[in-house]
Amino acid sequence: MRLLAAVSGGVDSAVAMARAVDAGHDVTAVHLALARNPASTRTGARGCCTLEDARDARRAADVVGVPFYVWDLAERFHTDVVEDFVAEYAAGRTPNPCLRCNEKIKFAAVLDRAHALGFDAVVTGHHARLEDGVLRRSVDPAKDQSYVLAVLTRDQLARAIFPLGASTKAEVRAEAAARGLAVADKPDSHDVCFVADGDTRGFLRRALGERPGRLVDAETGAQVGRHDGAYGFTVGQRRGLGLDRPSGDPRYVLSIEPVAGTVTVGPGALLDVGAVTGSRPVWAAGPPPAESFGCLAQLRAHGRAVPALVTVGAGEVEVRLDEPVRGVATGQAVVFYDDDTVLGSATIAATVPAARREPAEAGTTSP
(Lines give C-alpha, C1' and ligand atoms only; values in the text may rest on other atoms or scores of the structure.)
Protein backbone atom coordinates (compact mmCIF):
# COMPACT_ATOMS: atom_id res chain seq x y z
CA MET A 1 0.00 0.00 0.00
CA ARG A 2 1.04 3.61 -0.56
CA LEU A 3 0.77 5.30 2.82
CA LEU A 4 1.08 8.85 4.10
CA ALA A 5 2.54 9.02 7.62
CA ALA A 6 1.56 12.14 9.58
CA VAL A 7 4.60 12.88 11.76
CA SER A 8 4.26 15.49 14.49
CA GLY A 9 7.83 15.45 15.69
CA GLY A 10 6.98 13.25 18.66
CA VAL A 11 7.91 9.69 19.50
CA ASP A 12 4.54 8.06 18.73
CA SER A 13 4.23 9.23 15.13
CA ALA A 14 7.89 8.43 14.46
CA VAL A 15 7.53 4.81 15.60
CA ALA A 16 4.21 4.46 13.75
CA MET A 17 5.95 5.60 10.56
CA ALA A 18 8.80 3.13 11.11
CA ARG A 19 6.42 0.24 11.69
CA ALA A 20 4.56 1.07 8.48
CA VAL A 21 7.86 0.84 6.59
CA ASP A 22 8.72 -2.45 8.32
CA ALA A 23 5.35 -3.82 7.18
CA GLY A 24 6.48 -3.37 3.57
CA HIS A 25 4.43 -0.31 2.65
CA ASP A 26 5.54 2.56 0.41
CA VAL A 27 5.60 5.37 2.99
CA THR A 28 5.91 9.13 2.63
CA ALA A 29 6.15 11.35 5.73
CA VAL A 30 4.35 14.66 6.08
CA HIS A 31 4.55 17.18 8.91
CA LEU A 32 1.52 19.44 9.38
CA ALA A 33 2.40 23.10 9.89
CA LEU A 34 -0.61 24.21 11.94
CA ALA A 35 0.59 27.39 13.64
CA ARG A 36 0.38 30.74 11.84
CA ASN A 37 3.50 31.99 13.63
CA PRO A 38 5.28 28.94 15.03
CA ALA A 39 7.62 29.36 17.95
CA SER A 40 11.19 28.21 17.55
CA THR A 41 11.14 25.70 20.40
CA ARG A 42 8.73 23.98 22.75
CA THR A 43 8.35 24.85 26.41
CA GLY A 44 8.73 21.43 28.03
CA ALA A 45 5.58 19.41 27.36
CA ARG A 46 3.47 22.42 26.39
CA GLY A 47 2.48 23.26 22.87
CA CYS A 48 3.40 21.65 19.59
CA CYS A 49 3.79 22.64 15.94
CA THR A 50 7.04 24.53 16.64
CA LEU A 51 9.99 24.74 14.28
CA GLU A 52 11.75 22.34 16.64
CA ASP A 53 8.94 19.81 16.11
CA ALA A 54 9.27 20.14 12.34
CA ARG A 55 13.01 19.51 12.56
CA ASP A 56 12.45 16.47 14.82
CA ALA A 57 9.94 15.08 12.33
CA ARG A 58 12.38 15.56 9.43
CA ARG A 59 15.20 13.84 11.35
CA ALA A 60 12.92 10.88 12.16
CA ALA A 61 12.00 10.53 8.47
CA ASP A 62 15.70 10.61 7.58
CA VAL A 63 16.48 7.84 10.08
CA VAL A 64 13.63 5.68 8.78
CA GLY A 65 14.58 6.48 5.19
CA VAL A 66 11.39 7.94 3.72
CA PRO A 67 10.64 11.12 1.75
CA PHE A 68 9.56 14.08 3.92
CA TYR A 69 7.31 17.04 3.19
CA VAL A 70 5.65 19.85 5.13
CA TRP A 71 2.01 20.71 4.46
CA ASP A 72 0.88 24.18 5.51
CA LEU A 73 -2.59 23.83 7.00
CA ALA A 74 -2.32 26.80 9.36
CA GLU A 75 -5.29 28.72 7.94
CA ARG A 76 -7.54 25.66 7.87
CA PHE A 77 -6.49 24.80 11.44
CA HIS A 78 -7.16 28.36 12.62
CA THR A 79 -10.65 28.35 11.10
CA ASP A 80 -11.75 24.84 12.03
CA VAL A 81 -10.04 24.42 15.40
CA VAL A 82 -8.88 27.71 16.94
CA GLU A 83 -11.91 29.80 15.96
CA ASP A 84 -14.23 26.96 16.94
CA PHE A 85 -12.46 26.77 20.33
CA VAL A 86 -13.00 30.49 20.95
CA ALA A 87 -16.63 30.42 19.77
CA GLU A 88 -17.49 27.44 21.97
CA TYR A 89 -16.11 29.10 25.10
CA ALA A 90 -17.93 32.33 24.17
CA ALA A 91 -21.15 30.28 24.04
CA GLY A 92 -20.56 28.85 27.53
CA ARG A 93 -19.43 25.42 26.35
CA THR A 94 -16.15 23.56 26.89
CA PRO A 95 -14.73 22.24 23.61
CA ASN A 96 -12.15 19.52 23.07
CA PRO A 97 -9.76 20.88 20.42
CA CYS A 98 -7.92 17.55 20.00
CA LEU A 99 -11.19 15.93 19.01
CA ARG A 100 -11.99 18.75 16.60
CA CYS A 101 -8.51 18.55 15.07
CA ASN A 102 -8.96 14.84 14.40
CA GLU A 103 -12.39 15.45 12.88
CA LYS A 104 -11.55 18.47 10.72
CA ILE A 105 -7.81 18.35 10.05
CA LYS A 106 -6.04 15.00 10.40
CA PHE A 107 -8.88 12.83 9.12
CA ALA A 108 -10.60 15.31 6.79
CA ALA A 109 -8.25 17.85 5.22
CA VAL A 110 -5.24 15.52 5.32
CA LEU A 111 -7.20 12.44 4.22
CA ASP A 112 -8.75 14.35 1.33
CA ARG A 113 -5.41 15.64 0.10
CA ALA A 114 -3.77 12.24 0.57
CA HIS A 115 -6.52 10.56 -1.45
CA ALA A 116 -6.18 13.15 -4.23
CA LEU A 117 -2.44 12.41 -4.37
CA GLY A 118 -3.00 8.68 -4.71
CA PHE A 119 -2.29 7.51 -1.16
CA ASP A 120 -4.32 4.56 0.12
CA ALA A 121 -4.41 5.52 3.80
CA VAL A 122 -2.98 7.82 6.47
CA VAL A 123 -0.81 6.47 9.30
CA THR A 124 -0.79 8.23 12.67
CA GLY A 125 0.70 7.58 16.10
CA HIS A 126 -2.61 7.51 17.97
CA HIS A 127 -2.90 4.95 20.76
CA ALA A 128 -5.96 3.02 19.62
CA ARG A 129 -6.63 -0.24 17.81
CA LEU A 130 -8.30 -0.50 14.44
CA GLU A 131 -9.33 -4.04 13.57
CA ASP A 132 -11.36 -4.76 10.43
CA GLY A 133 -12.53 -1.16 10.40
CA VAL A 134 -13.65 -1.29 14.04
CA LEU A 135 -12.15 1.22 16.47
CA ARG A 136 -11.12 -0.21 19.85
CA ARG A 137 -9.28 1.01 22.92
CA SER A 138 -5.49 0.80 23.15
CA VAL A 139 -3.96 -1.95 25.26
CA ASP A 140 -2.42 0.89 27.32
CA PRO A 141 -5.35 2.37 29.29
CA ALA A 142 -3.31 5.35 30.45
CA LYS A 143 -2.59 6.42 26.85
CA ASP A 144 -5.80 5.28 25.13
CA GLN A 145 -6.99 7.88 22.58
CA SER A 146 -10.11 6.16 21.27
CA TYR A 147 -12.22 8.87 22.94
CA VAL A 148 -10.81 11.65 20.72
CA LEU A 149 -11.05 9.41 17.63
CA ALA A 150 -14.70 8.49 18.17
CA VAL A 151 -15.86 11.41 16.00
CA LEU A 152 -14.53 9.64 12.90
CA THR A 153 -16.90 8.04 10.42
CA ARG A 154 -16.58 4.51 9.09
CA ASP A 155 -15.26 5.93 5.80
CA GLN A 156 -12.55 7.91 7.59
CA LEU A 157 -11.57 4.90 9.71
CA ALA A 158 -11.37 2.74 6.57
CA ARG A 159 -8.54 5.00 5.33
CA ALA A 160 -6.63 5.21 8.63
CA ILE A 161 -3.94 3.00 10.17
CA PHE A 162 -2.94 3.07 13.87
CA PRO A 163 0.15 0.87 14.29
CA LEU A 164 0.60 1.55 18.03
CA GLY A 165 -2.69 0.27 19.46
CA ALA A 166 -1.26 -3.03 20.67
CA SER A 167 1.75 -1.43 22.42
CA THR A 168 2.22 0.44 25.67
CA LYS A 169 3.87 3.84 25.71
CA ALA A 170 6.90 2.36 27.47
CA GLU A 171 7.28 -0.17 24.65
CA VAL A 172 7.04 2.60 22.04
CA ARG A 173 9.77 4.64 23.73
CA ALA A 174 12.03 1.58 24.04
CA GLU A 175 11.54 0.78 20.37
CA ALA A 176 12.32 4.38 19.38
CA ALA A 177 15.58 4.23 21.31
CA ALA A 178 16.50 0.91 19.71
CA ARG A 179 15.84 2.41 16.26
CA GLY A 180 18.10 5.38 16.99
CA LEU A 181 15.27 7.93 16.92
CA ALA A 182 16.29 11.09 18.78
CA VAL A 183 12.70 11.66 19.96
CA ALA A 184 12.70 8.50 22.11
CA ASP A 185 12.72 10.54 25.35
CA LYS A 186 10.92 13.65 24.07
CA PRO A 187 8.08 14.67 26.45
CA ASP A 188 4.51 14.21 25.26
CA SER A 189 2.64 17.41 24.50
CA HIS A 190 -0.16 18.29 26.91
CA ASP A 191 -2.84 20.93 27.33
CA VAL A 192 -4.14 22.91 24.33
CA CYS A 193 -1.44 22.77 21.65
CA PHE A 194 -2.03 26.33 20.40
CA VAL A 195 -1.95 27.82 23.91
CA ALA A 196 1.72 27.13 24.51
CA ASP A 197 1.94 28.96 27.85
CA GLY A 198 -1.04 27.04 29.29
CA ASP A 199 -2.97 30.24 30.05
CA THR A 200 -6.29 29.43 28.37
CA ARG A 201 -8.12 32.27 30.15
CA GLY A 202 -5.53 34.80 28.92
CA PHE A 203 -5.75 33.41 25.38
CA LEU A 204 -9.53 33.78 25.39
CA ARG A 205 -9.35 37.28 26.89
CA ARG A 206 -7.11 38.39 24.04
CA ALA A 207 -9.53 36.90 21.53
CA LEU A 208 -12.82 38.02 23.09
CA GLY A 209 -11.98 41.05 25.22
CA GLU A 210 -13.31 41.69 28.71
CA ARG A 211 -16.97 40.79 29.29
CA PRO A 212 -17.65 41.52 32.98
CA GLY A 213 -20.30 39.55 34.83
CA ARG A 214 -21.38 38.09 38.17
CA LEU A 215 -20.56 35.02 40.20
CA VAL A 216 -23.73 33.81 41.92
CA ASP A 217 -24.21 31.22 44.67
CA ALA A 218 -26.63 28.47 43.58
CA GLU A 219 -28.02 27.92 47.08
CA THR A 220 -28.59 31.52 48.20
CA GLY A 221 -28.83 33.41 44.93
CA ALA A 222 -26.42 35.97 46.33
CA GLN A 223 -23.65 37.56 44.32
CA VAL A 224 -20.34 36.21 45.59
CA GLY A 225 -17.97 37.84 43.14
CA ARG A 226 -17.39 39.39 39.73
CA HIS A 227 -15.34 38.31 36.73
CA ASP A 228 -13.95 39.70 33.48
CA GLY A 229 -15.45 37.04 31.23
CA ALA A 230 -17.63 33.95 31.66
CA TYR A 231 -15.50 32.32 28.96
CA GLY A 232 -12.75 31.97 31.57
CA PHE A 233 -14.67 29.27 33.44
CA THR A 234 -15.67 25.69 32.82
CA VAL A 235 -18.17 23.45 34.61
CA GLY A 236 -16.51 21.63 37.50
CA GLN A 237 -13.80 24.26 37.99
CA ARG A 238 -12.76 24.87 41.59
CA ARG A 239 -9.58 26.92 41.49
CA GLY A 240 -9.25 30.54 40.44
CA LEU A 241 -12.89 31.51 40.99
CA GLY A 242 -12.07 34.80 42.74
CA LEU A 243 -14.95 34.67 45.23
CA ASP A 244 -15.56 37.74 47.41
CA ARG A 245 -17.20 35.60 50.09
CA PRO A 246 -15.30 32.35 50.47
CA SER A 247 -17.44 29.55 51.88
CA GLY A 248 -16.29 27.03 54.42
CA ASP A 249 -17.03 24.32 51.87
CA PRO A 250 -15.38 24.15 48.43
CA ARG A 251 -17.31 25.86 45.64
CA TYR A 252 -17.35 24.71 42.01
CA VAL A 253 -18.65 26.16 38.77
CA LEU A 254 -22.08 24.62 38.19
CA SER A 255 -23.27 26.48 35.11
CA ILE A 256 -22.35 29.31 32.76
CA GLU A 257 -24.81 31.75 31.18
CA PRO A 258 -22.78 33.58 28.52
CA VAL A 259 -25.37 36.15 27.42
CA ALA A 260 -26.00 37.49 30.92
CA GLY A 261 -22.42 36.75 31.91
CA THR A 262 -23.54 34.86 35.01
CA VAL A 263 -21.40 32.06 36.43
CA THR A 264 -23.21 29.97 39.06
CA VAL A 265 -21.16 28.26 41.76
CA GLY A 266 -22.10 25.80 44.49
CA PRO A 267 -21.16 22.63 46.37
CA GLY A 268 -19.69 19.63 44.56
CA ALA A 269 -22.80 17.52 45.12
CA LEU A 270 -24.71 19.76 42.68
CA LEU A 271 -22.27 18.79 39.91
CA ASP A 272 -23.64 15.25 39.73
CA VAL A 273 -25.23 14.55 36.34
CA GLY A 274 -27.69 11.72 35.74
CA ALA A 275 -28.40 12.12 32.02
CA VAL A 276 -27.20 14.04 28.96
CA THR A 277 -28.54 14.94 25.55
CA GLY A 278 -26.09 14.50 22.68
CA SER A 279 -26.25 16.19 19.30
CA ARG A 280 -24.61 15.28 15.97
CA PRO A 281 -24.20 11.56 16.70
CA VAL A 282 -21.57 9.67 14.69
CA TRP A 283 -21.70 5.87 14.50
CA ALA A 284 -18.18 4.54 14.09
CA ALA A 285 -19.11 0.86 14.08
CA GLY A 286 -22.05 1.03 11.68
CA PRO A 287 -25.69 1.88 12.45
CA PRO A 288 -26.65 2.11 16.14
CA PRO A 289 -27.26 -1.34 17.66
CA ALA A 290 -30.93 -0.51 18.29
CA GLU A 291 -33.28 2.41 18.88
CA SER A 292 -32.47 1.94 22.56
CA PHE A 293 -29.40 0.07 23.77
CA GLY A 294 -27.18 -0.42 26.78
CA CYS A 295 -23.50 0.45 26.66
CA LEU A 296 -20.66 2.09 28.55
CA ALA A 297 -20.58 5.89 28.21
CA GLN A 298 -17.46 8.00 28.65
CA LEU A 299 -18.03 11.73 29.07
CA ARG A 300 -14.47 13.10 29.39
CA ALA A 301 -11.22 12.30 27.62
CA HIS A 302 -9.74 10.74 30.74
CA GLY A 303 -12.97 9.93 32.54
CA ARG A 304 -14.27 6.56 33.64
CA ALA A 305 -16.87 4.91 31.42
CA VAL A 306 -20.14 4.13 33.21
CA PRO A 307 -23.10 1.91 32.27
CA ALA A 308 -25.79 3.84 30.41
CA LEU A 309 -28.96 3.49 28.37
CA VAL A 310 -28.90 5.30 25.02
CA THR A 311 -32.07 6.22 23.15
CA VAL A 312 -31.54 7.28 19.54
CA GLY A 313 -33.67 10.10 18.14
CA ALA A 314 -33.65 12.28 15.02
CA GLY A 315 -30.22 13.87 15.02
CA GLU A 316 -29.69 13.40 18.76
CA VAL A 317 -29.38 10.85 21.52
CA GLU A 318 -30.60 10.72 25.11
CA VAL A 319 -28.15 9.08 27.50
CA ARG A 320 -29.34 7.95 30.94
CA LEU A 321 -26.49 7.10 33.27
CA ASP A 322 -26.68 4.22 35.76
CA GLU A 323 -24.64 6.24 38.22
CA PRO A 324 -24.03 9.98 38.57
CA VAL A 325 -21.01 11.50 36.85
CA ARG A 326 -19.59 14.70 38.32
CA GLY A 327 -18.69 17.84 36.38
CA VAL A 328 -19.98 17.06 32.88
CA ALA A 329 -19.59 20.05 30.55
CA THR A 330 -21.56 20.79 27.40
CA GLY A 331 -19.35 20.88 24.31
CA GLN A 332 -17.48 17.74 25.34
CA ALA A 333 -18.13 14.37 23.71
CA VAL A 334 -20.00 11.39 25.04
CA VAL A 335 -18.53 8.20 23.58
CA PHE A 336 -20.35 4.86 23.57
CA TYR A 337 -18.45 1.61 24.10
CA ASP A 338 -19.30 -2.06 23.96
CA ASP A 339 -16.53 -3.31 26.24
CA ASP A 340 -13.48 -1.83 24.46
CA THR A 341 -15.15 -1.30 21.07
CA VAL A 342 -16.25 2.21 20.07
CA LEU A 343 -19.86 2.25 18.88
CA GLY A 344 -20.13 5.99 18.29
CA SER A 345 -20.18 9.42 19.85
CA ALA A 346 -22.16 12.63 20.18
CA THR A 347 -21.52 16.19 21.36
CA ILE A 348 -23.01 16.91 24.79
CA ALA A 349 -25.66 19.59 24.24
CA ALA A 350 -27.43 19.50 27.63
CA THR A 351 -27.14 17.83 31.02
CA VAL A 352 -29.70 16.77 33.63
CA PRO A 353 -28.74 16.93 37.32
CA ALA A 354 -28.81 13.52 39.00
CA ALA A 355 -31.34 14.75 41.55
CA ARG A 356 -33.86 15.50 38.80
CA ARG A 357 -33.43 12.34 36.73
CA GLU A 358 -36.04 9.63 37.14
CA PRO A 359 -34.41 6.30 38.06
CA ALA A 360 -34.04 3.85 35.18
CA GLU A 361 -35.64 0.44 35.42
CA ALA A 362 -33.40 -2.11 37.04
CA GLY A 363 -31.19 -3.99 34.58
CA THR A 364 -31.89 -1.73 31.57
CA THR A 365 -28.46 -0.20 31.22
CA SER A 366 -26.06 -3.09 31.42
CA PRO A 367 -23.86 -3.22 28.32
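Strands are here taken as DSSP runs of E of at least two residues, numbered from the N terminus, and two of them count as paired if DSSP finds at least two bridges between them. The structure described is a predicted model.

In the hairpin formed by β10 and β11, four residues lie between the strands. Within this hairpin, Gly261 adopts a positive phi near 75°. Strand β10 (residues 252–257) and β11 run antiparallel and are joined by five bridges, with Ile256 as the bridge partner of Val263 in β11. Strand β8 (residues 213–217) also pairs with β11, here in parallel and through four bridges; in this pairing Leu215 stands opposite Val263.

Strand β11 (residues 262–266) is mostly covered, five of its five residues being buried. The burial extends to both faces of the strand: Thr262, Thr264 and Gly266 are buried on one side, and Val263 and Val265 are buried on the other.

Arg226 belongs to strand β9 (residues 223–227). With a relative accessible area of 48%, Arg226 is classed as partly exposed, because that class lies between the limits of 20% for buried and 50% for exposed residues. When neighbours within four places in sequence are left aside, the contacts of Arg226 are Pro212, Gly213, Arg214, Leu215 and Asp244. Lys169, by contrast, lies 57 residues from Arg226 in sequence and 44 Å from it in space, C-alpha to C-alpha.

A separate open sheet consists of five strands in the order β3-β2-β1-β4-β7, with parallel pairing. Its edges are formed by β3 (68–72) and β7 (160–161), each of which pairs on one side only. Strand β1 (residues 2–6) and strand β2 (residues 26–33) run parallel and are connected by five bridges, and Arg2 is found opposite Asp26 of β2.

Helices α1 (residues 11–22) and α2 (residues 51–64) have axes that come within 10 Å and cross at roughly 25°. The two helices are therefore roughly parallel to each other, since angles under 35 degrees fall in that class. The crossing of α1 past α2 is right-handed. At the contact, Ala14, Met17, Ala18 and Val21 of α1 meet Ala60, Ala61 and Val64 of α2. Seven of the residues in this contact are nonpolar, while none is polar and none is charged.

Note on methods:
Residues are numbered from 1 along each chain as its sequence is written. This is a predicted model: local features need pLDDT of at least 70, side-chain atom pairs count only at pLDDT 80 or more; totals for chains, interfaces and linings use all residues. Side-chain values use heavy atoms; hydrogens and water are left out. Axes are lines fitted to C-alpha atoms, for helices over the stretch in contact, and angles run from 0 to 180 degrees between N-to-C directions. Angles under 35 degrees count as roughly parallel, over 145 as roughly antiparallel, 65 to 115 as roughly perpendicular and the rest as oblique. A crossing is left-handed if the near helix is turned anticlockwise from the far one by less than a right angle, and right-handed if clockwise. Contact means heavy atoms within 4.5 Å. Ala, Val, Leu, Ile, Met, Phe, Trp, Tyr, Cys and Pro count as nonpolar, Asp, Glu, Lys and Arg as charged, and the others, Gly among them, as polar. Buried means under 20% relative accessible area, exposed over 50%, partly exposed in between (1.4 Å probe, protein chains only).
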